[in-house]
Amino acid sequence: MLFFTGLLAYLPNAALAGIVANAVLSLIEVHELRELWRMRRSEFWIAAVCLLGVLAVGPLRAVVIAFLMSTIDVIRRASSPDTSALLEAPDGSHFVPVVAGQKSDSSA
């Protein structure tokens with residue numbers, strides 16, 4: 001585009017929009033969004049809000065919104081971590097993690 005500006009001036013706006021749309025669609029990785037949905041739904045929703053935010057309010061504001069949402073999500077997850085305890089296996093050879101609130105077979 002740097003060298004062919006004069007030639008691109010005669011190209012219809014619809015054709016330029018098609019070229020840009022084709023380039024942008026190749027940047028969206030649906031597989032990664034599916035992976036986020038499977039691994040951590042909160043991260044998927046942050047990505048979805050950022051994706052829609054770029055269209056609605058612009059890229060800079062969308063990134064700021066996604067950053068704030070990610071920060072809130074990290075604080076939320078850090079404030080209530082998963083806890084577990086290690087109990088000795090019945091044969092005494094190793095320890096088994098037991099999630100808090102779960103009954104173990106070796107306590108009987």
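Which residue in strand 2 stands opposite serine 84? The residue is valine 99. The pairing comes from a predicted model, in which local features need pLDDT of at least 70, side-chain atom pairs count only at pLDDT 80 or more, and totals for chains, interfaces and linings use all residues. Residues are numbered from 1 along each chain as its sequence is written, and side-chain values use heavy atoms, with hydrogens and water left out.

The chain holds five helices and two strands. Along the sequence these elements follow the pattern α-α-α-α-α-β-β. Helices (H or I, at least four residues) and strands (E, at least two) are DSSP runs, numbered from the N terminus. The chain has 108 residues, of which 10% count as buried. Buried means under 20% relative accessible area, exposed means over 50%, and partly exposed lies in between (1.4 Å probe, protein chains only). Among contacts in the chain with a separation of 6 or more, 17% come from residues 24 or more positions apart. A contact means heavy atoms within 4.5 Å.

The two strands are described next. Strand 1 covers residues 84-88 and strand 2 covers residues 95-99. The strands run antiparallel and are joined by five bridges. Two strands pair if DSSP finds at least two bridges between them. Strand 1 and strand 2 form a hairpin, with six residues between them. In the turn, glycine 92 has a positive phi of about 80°. Alanine 89 also lies in the loop between the strands. Alanine 89 is buried, because its relative accessible area is 6%. Neighbours within four places in sequence aside, alanine 89 is in contact with His94, Phe95 and Val96.

Two packed helices are described by the angle between their axes and the distance between those axes. Helix 4 (residues 41-57) packs against helix 5 (residues 59-79) at an angle of about 165°, with the axes 7 Å apart. Helix 4 is therefore roughly antiparallel to helix 5. Axes are lines fitted to C-alpha atoms, for helices over the stretch in contact, and angles run from 0 to 180 degrees between N-to-C directions. Angles under 35 degrees count as roughly parallel, over 145 as roughly antiparallel, 65 to 115 as roughly perpendicular and the rest as oblique. The crossing of helix 4 and helix 5 is right-handed. A crossing is right-handed if the near helix is turned clockwise from the far one by less than a right angle, and left-handed if anticlockwise. Helix 4 contributes residues including Trp45, Ile46, Val49 and Cys50 to the contact. Helix 5 contributes residues including Ala62, Ile65, Met69 and Ser70. Serine 70 is partly exposed, because its relative accessibility is 25%. Tryptophan 37 and tryptophan 45 form an edge-to-face pair, at 5.8 Å centre to centre and 75° between the planes. Rings of Phe, Tyr and Trp (its six-membered ring) pair if their centres lie within 6.5 Å; planes under 30 degrees apart count as stacked, over 60 as edge-to-face and the rest as tilted. Ring pairs link Trp37, Phe44 and Trp45 into a cluster. Phenylalanine 44 is buried, at 17% relative accessible area. Tryptophan 37 is partly exposed at 35%, and tryptophan 45 is partly exposed at 48%. Arginine 34 lies in helix 3 (residues 30-39). The C-alpha atoms of arginine 34 and phenylalanine 44 are separated by 8.2 Å.
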